[in-house]
Amino acid sequence: MALLEVIGLNKYFDGFHVLKDISFSVEKGEVVVILGPSGSGKSTLLRCINGLEEIQSGQIKLNGEVINEDSTKWHLIRQKIGMVFQSYDLFPHMTVYENILLGPLKAQKRDKKEVARQAEELLDRVGLLDRKNFYPRQLSGGQRQRVAIVRALCMNPEIMLFDEVTASLDPEMVREVLDVMLELAKEGMTMIIVTHEMEFAKAVADRIIFIDGGEITEVAEAQEFFTQPKTERAKNFLNIFNFKEYKKGVDNNEKI
Amino acid sequence: MQDLGIRVLIEGNNLYRLMGGLLVTVKIALISVIISIIFGIPFGIVMTSKNKLLRLVCRAYLEAVRIIPVMVWLFIFYFGVPKLTGIHLAGDVVSVIVFSIWGTAEKGDLVRGAVTSLPKHQKESGKAIGLTNVQIYRYIIIPQSVRRLLPATINLVTRMIKTTSLVVLIGVVEVLKVGQQVIESFVLQSPSASFWVYGFIFFLYFIICYPISLFVRKLELRWKE
Amino acid sequence: MDIDFILEISSLYLEAGKFTLKLAFIGIILSLLIGIFCSLVNYYKVKFLKKIVNWYIELSRNTPLLIQLFFLYYGLPKVGIKLGAFTCAVIGLAFLGGSYMAEAFRGGLEAVSKAQIEAGLSLGLTKAQVTRYIIFPQALAVSIPSIGANAIFIIKETSIVSAISLKDLMFVTKDIIGIYYKTNEALLMLVVAYLIILLPLSLLLTYVERRLRYAGFGN
Ligand SMILES: Nc1ncnc2c1ncn2[C@@H]1O[C@H](COP(=O)(O)OP(=O)(O)O)[C@@H](O)[C@H]1O
Ligand SMILES: [Mg+2]
């Protein structure tokens, strides 16, 4: 049985059809990367999966159980779904440590000692143990995103959602965050990742889902998607990230 | 005898008297607002001057006026000034003086805020086309500030009206005082008079101030863009 | 100026000052509670309650405290509701201050970004927990300057409670002027007393405002 299953999901914003009949599933331990042009509905899809957006039709199943029907239960579901956003969303009035402990202590009501141990272990793994008493504003963007990942991980989620977590980082900080995610993939964490880092996507993904205009237009093994995309749209999309033919001093006609 | 209840308000010429009292209140408030605007505008502009000493003096005036409750200022002018100078002033005159001093400070601070929030290049582009300082204010700064200022100034009117209720405490015969008189003279026919009369005055203040507040909010919404 | 006389009456002012502070303190605390409640009702657009809250705010904003006090103290007993003068003053101050505090909190609540709320929700916190641990502390921090300004405002507003014969600073002053005719001394002490209460608060507020403008959490 798939860990996460989305069946016929439709989402409208005031009559505007943002997500059209989306269906896919994610196996336990699988890493799915969602690619697609800006505005195609990737963020909205992730937000629907953890109930931040209401959907108009369709089903979302976690471990075979429908999760989108009882809106009063979302807070329980969300404890099993970790999410990291593009904007640095650490709570500014709490230290790193307090940020991480909030969910496990208040939402999951877990034992403080045990959570503290786990938090320190995780912080250590992302190289930020010495920052545990810092406030978010005292950290760099890359450090903040690593803390945000730790904060989600400390809830022991069954699946992690990442929405362009490196998109507003300075280039030299992108790597440190991506490395953490690669590490997680290696450990077998189930993840859905929206990203524009193509090399990273190639390295981390088991499967690629390509979305355009609110529709899934292509699903493929990562290897296959990057080497021989089936649809024209995916081809065009991949070409945007290809700078080779625009190199200065190189005659473009050569290639043709 | 049967209690008149709410009819105490229309008994005899009570309503007329209460309205007369209200007029005194409104008059004091309006005169004070007008004086405050007349003095507040130059005061506010002076507060933006480059002269440090001048700014300091203005600031001191503003803070001094603000930190002491208006009620205390009324006492100082009503009891203290006659004692020091030998000039006795009537309660309504004292009220207008105190409210004008207070209103000038408040209005001045509003003007200062509006002027300093204008982008600097506005003033500079005025200079660049050879306008004098006075002309710059007359044609560039004041017209632009008015939009920012009008809602707050109208707000000042409601604050002034509410504050005017205090003058009864220095012996001015205004609506609350008239109310007391009505209650006293009807104590037999209408034992519950104070409930109705004070309730009515409460209502009167509300129906004067509420539309003004509403209007200010509309203006603010419309001018937000 | 009669220095001996001033010394003599200073104990009266001390008592009255304490009374003013006590009244103001209770008024401020109640105003805060009312303000928080009202601003949350509006923030979450709670049906029905929202209407009541907005009417309350309009009534409170558009009527003078003095009239409210007269109605409470002299008017209500005639329909069987007898309240002590102190109770009336407390109710009046809270009724007035509540709407001001609500406005202060509204600003703070609006300053908390949607992203913060969603980050909290995605940790599996309930709406109430998000309000308590994320929205509320951040809103409070943003509102502190306005809350401070409102507190000073409420202290100043207590200066009219002598109208319902409460023995505050104004009451003592009027008494001394009436009995001894020592107007200058009484007024001087009155001003000094208010300055002792208000000046430190006002300076503290200026300092806090400045700090908040240039800093944030973790500085
Ligand atoms: N809250 C919203 N209200 C209305 N339209 C929205 C909202 N959020 C997103 N959209 C629209 O939905 C579409 C998909 O947005 P999004 O999911 O953010 O795309 P992506 O993440 O792929 O860039 C866009 O056209 C966007 O303008
Ligand atoms: Mg997006």
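In the predicted model described here, A:Arg175 is exposed, with a relative accessible area of 55%, where exposed denotes over 50% relative accessible area, buried under 20% and partly exposed in between (1.4 Å probe, protein chains only). Its side chain meets that of A:Asp179 in a salt bridge with an N to O distance of 3.0 Å, a salt bridge being a side-chain nitrogen of Lys or Arg within 4 Å of a carboxyl oxygen of Asp or Glu. Residues are numbered from 1 along each chain as its sequence is written, and side-chain values use heavy atoms, with hydrogens and water left out. Local features need pLDDT of at least 70 and side-chain atom pairs count only at pLDDT 80 or more, whereas totals for chains, interfaces and linings use all residues.

Over all chains, the structure holds 26 salt bridges. One of these joins the side chains of A:Glu30 and A:Arg207 at 2.6 Å, N to O, and links distant parts of the chain, 177 residues apart, with A:Glu30 in the loop between β2 and β3 and A:Arg207 in strand β9. A:Glu30 counts as buried at 12% relative accessibility, and A:Arg207 is likewise buried, at 16%. A network of salt bridges links A:Lys11, A:Arg47, A:Glu53, C:Lys114 and C:Glu118.

In chain C, the side chains of C:Arg106 and C:Glu103 meet in a salt bridge of 2.7 Å, N to O, and both residues lie in helix α4 (residues 85–111), three residues apart.

Methods. Chains are lettered from A and ligands numbered from 1 in the order in which they are written. Helices (H or I, at least four residues) and strands (E, at least two) are DSSP runs, numbered from the N terminus.
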